[in-house]
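Visitor: I have not seen this structure before. Could you take me through it and say what each description rests on?

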Amino acid sequence: MDLAAVLPQVFTGLVLGMIFVLLAIGLSLIFGLMTVVNFAHGSLYMLGAYFTVFLLAYTKSFWVALVVAPILVGGLGFAIERLLIRRLYGRGPDDPLLLTFGLSLVLIETAKLIWGKIGLTLDPPRALAGAVDLGFMAFPLYRLFVIAVTIVVLIGLWAFVNRTNVGLIIRAGSRDPLMVRALGVDLNRIWLLVFGVGCGLAGLAGALAGPMRGAYADMGVTMIIESFVVVVVGGMGSLLGAVVAGIMMGQVVGLTTFFAPKLAEIMVFVVMAVVLLIRPSGIFGEAGLAE
Amino acid sequence: MRTVTEWVARHPVFAFALAFAVFPFVVPYKALAAQVLIFGLLAMGFNLLYGYTGLLSFGHAAYYGLGAYGTGLVLAKTKLGSLWLGVLAGPLLAMVGGAVIGFFCLRRRGIYFAMLTLAFAQLLYFVAFHLADLTGGDDGLRGIPQLPFQLLGWSIPLESTLAFYYFAYVLVVLAVAALKRILDSPFGTVLQAIRENPDRAAACGYDVNRIKHLSFVFSATFAGLAGGLDALRLAVVPVESLYWTTSGQVVIMTLLGGAGTFFGPFVGAGTYLVLEDRLSVFTESWPLVIGLIFMAFVLFLPKGIWGTLVGRLPIGRI
């Protein structure tokens with residue numbers, strides 16, 4: 001085995017893993033607190049990429065687009081929670097899944113209507129164009145940037161959940177919403193916030209993926225299914241699980257693409273089946289959470 | 001009016017057989033009738049699992065697709081030349097697939113179950129996509145011959161739309177009768193007990209996981225028969241049969257019609273397909289309209305068309 005040929009693949013897998021992590025952590029955060037599975041997460045990822053293309057054309061600045069696109073998607077997330085999901089609290093956990101499934105169809109078709117069926121391409125900003133020599137190999141600078149951004153966002157998210165008062169309420173609300181309510185906390189506002197932040201992370205994932213993969217209406221579909229797999233493997237509701245499983249699945253895809261390209265899409269599901277056999281609740285999951 | 005609804009409630013299978021006997025002459029064109037019949041059967045299989053057992057599967061494309069490939073492969077790639085063996089192979093393959101996939105998916109409950117069924121269906125899609133030598137891959141499985149229907153020395157060609165419709169009709173009515181039998185049996189009652197309260201059903205001494213698994217296998221078998229019939233109808237199996245959009249379509253159909261009702265899936269399939277047919281004349285974005293309608297149903301009419309109608313009648317569930 002030629003290590004010099006495999007290493008770029010490991011790095012490519014790591015970049016894909018970062019996108020998985022951003023999507024899975026949003027799904028997991030929303031699920032952990034609200035027991036809502038957001039099927040529209042993939043469509044919000046897609047919108048993140050399209051908004052970036054649009055903003056880039058409008059403002060001519062990738063940096064503005066990279067900041068504003070996730071905020072717009074997060075804002076859309078606020079609206080989705082406030083206007084749609086909130087009506088379903090008190091019904092079974094299947095109903096939000098069904099509703100957001102319908103929403104994802106609507107968003108995909110709307111994107112096709114606005115931006116056309118053919119995908120758009122997006123160039124990385126000039127400052128991040130080209131490759132950087134890591135000593136043992138050359139690697140596109142933009143991809144290193146994606147890894148760095150994700151790590152910064154993850155540290156920020158960790159600090160937010162573990163070091164702030166709002167984070168304390170989020171953690172408490174995940175454990176026992178009734179008790180948190182009894183203590184006088186308005187959980188509705190926290191749910192709104194968490195749903196918006198989770199959707200914003202999907203928007204960020206889309207914005208970051210845009211220059212690598214372009215923007216097209218169906219781009220979220222395979223990503224949402226693979227993100228579901230990441231969440232199942234990592235353990236639903238576990239943020240650490242989402243990170244570990246996301247990076248792991250990135251490597252699974254990256255390495256099988258290198259060794260057996262035809263199996264790349266299949267291996268993800270094989271790994272999932274194996275994990276389910278050994279640890280049904282996922283690597284870091286607690287058995288019985290929202291079952 | 002009252003006696004009619006009571007009769008329908010007491011003899012749902014006969015009512016079904018009567019309604020669908022004249023159905024091809026009611027719809028805008030006859031080709032649509034067979035499509036409604038087949039997708040209604042698929043939604044019916046899904047409904048057994050979701051409506052009656054309370055398990056939301058987002059992967060029924062898997063069993064529909066397995067059924068289609070099972071029937072298609074036996075007819076196109078073997079020299080058996082028997083329509084019956086082909087029709088049998090579809091549900092059989094779906095049954096085996098349902099048994100294996102069900103085993104994995106039922107290791108998790110609730111929302112995970114939905115995600116797992118979706119993941120496994122997608123796995124099968126990629127497998128079929130890459131096994132192009134066997135399945136035709138992206139081009140679909142072609143070369144399915146249109147064999148005549150043969151029984152006791154009779155031979156009827158099925159090439160005409162109506163002949164095929166009534167061939168499918170007989171099999172679907174048998175499937176509907178089988179479903180009725182399942183629902184009326186003690187097993188069917190336990191299914192509904194599990195939907196209402198799995199813990200209590202377990203406390204009553206029922207092996208909940210095994211019963212869920214059986215329900216899963218039955219559901220997959222019905223879906224497989226639908227897939228096999230669709231392979232005969234189209235004379236080709238597109239690889240998209242296994243794609244998640246098919247699963248989504250089944251979910252939408254069942255919820256539009258009314259999950260957990262006997263006729264709901266067929267009402268839903270009819271509504272969906274007629275809507276698609278009419279809307280696609282005006283706009284390419286017809287899925288957008290259907291998506292919006294589906295969202296409105298989840299929000300405001302969760303019992304679906306049939307469930308809401310029947311809920312207003314004093315005769316109980318149909």
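Visitor: What share of the contacts in chain B with a separation of 6 or more is between residues 24 or more positions apart?

Guide: This is a predicted model. In chain B, 75% of the contacts with a separation of 6 or more join residues 24 or more positions apart. For chain A, the share among contacts between residues at least 6 apart in sequence is 75%.

Visitor: How do you know that the radius of gyration of chain B agrees with that of a compact globule?

Guide: The value is set against a rule for C-alpha atoms, 2.2 Å times the number of residues to the power 0.38. For 318 residues the rule gives a radius near 20 Å, and chain B has 19 Å, so the two agree. The C-alpha trace of chain B spans about 50 × 45 × 45 Å along its principal axes.

Visitor: What does the rule give for chain A, with 291 residues?

Guide: A compact globule of 291 residues would have a radius of gyration near 19 Å; chain A has 19 Å, and therefore agrees. Along the principal axes, the C-alpha atoms of chain A fill a box of roughly 60 × 50 × 35 Å.

Visitor: How many helices and strands are there in chain A?

Guide: Chain A has eleven helices and two strands. Its pattern along the sequence is α-α-α-α-β-β-α-α-α-α-α-α-α. Chain B comes to 15 helices and two strands.

Visitor: What makes a residue count as buried?

Guide: A residue is buried if 20 or more other C-beta atoms lie within 10 Å of its own. By that count, 50% of the 291 residues of chain A are buried, and 51% of the 318 residues in chain B.

Visitor: Which residues are buried in helix H6 (residues 165-175) of chain A?

Guide: In H6(A), Ile169(A), Ile170(A), Gly173(A) and Ser174(A) are buried. They are on the same side of H6(A), because they cover an arc of only 135° around the axis. Asn165(A) and Arg175(A), on the other side of H6(A), are exposed. The buried residues of H6(A) pack against helices H1 (3-34), H5 (141-163), H7 (177-182) and H8 (187-213) of chain A.

Visitor: What is the handedness of the crossing of H5(B) and H11(B)?

Guide: The crossing of H5(B) and H11(B) is right-handed. The axes of H5 (residues 83-105) and H11 (residues 208-234) of chain B come within 7 Å and cross at roughly 145°. The residues that meet include Gly90(B), Ala94(B) and Gly98(B) in H5(B), and Ala220(B), Gly224(B) and Gly228(B) in H11(B). The contact of H5(B) with H11(B) divides into 13 nonpolar, ten polar and no charged residues. Gly counts as polar here.

Visitor: At what angle do H4(B) and H6(B) pack?

Guide: Helix H4 (residues 61-77) and helix H6 (residues 110-130) of chain B pack at about 35°, with their axes 8 Å apart. Ala61(B), Ala62(B), Gly65(B) and Tyr69(B) in H4(B) meet Phe120(B), Ala121(B), Leu124(B) and Ala128(B) in H6(B). By class, that contact has seven nonpolar, one polar and no charged residues.

Visitor: How many residues of chain A are in contact with chain B?

Guide: 33 residues of chain A are in contact with 32 residues of chain B. Two residues are in contact if their C-beta atoms lie within 7 Å. On the side of chain A that touches chain B, the largest share, 14 residues, comes from H4(A). The residues of that side divide into 23 nonpolar, two polar and eight charged.

Note on methods. Residues numbered from 1 in each chain as written. Chains lettered and ligands numbered in written order. Predicted model: local features only at pLDDT ≥ 70, side-chain atom pairs only at ≥ 80, totals over all residues. Helix = DSSP H or I, 4+ residues; strand = E, 2+ residues; numbered from the N terminus. Buried ≥ 20, exposed ≤ 12 C-beta atoms within 10 Å, placed from the backbone. Axes fitted to C-alpha atoms, helices over the stretch in contact; angles between N-to-C directions. Arc of directions from axis to C-beta. Left-handed = near helix turned anticlockwise from the far one by under 90°.
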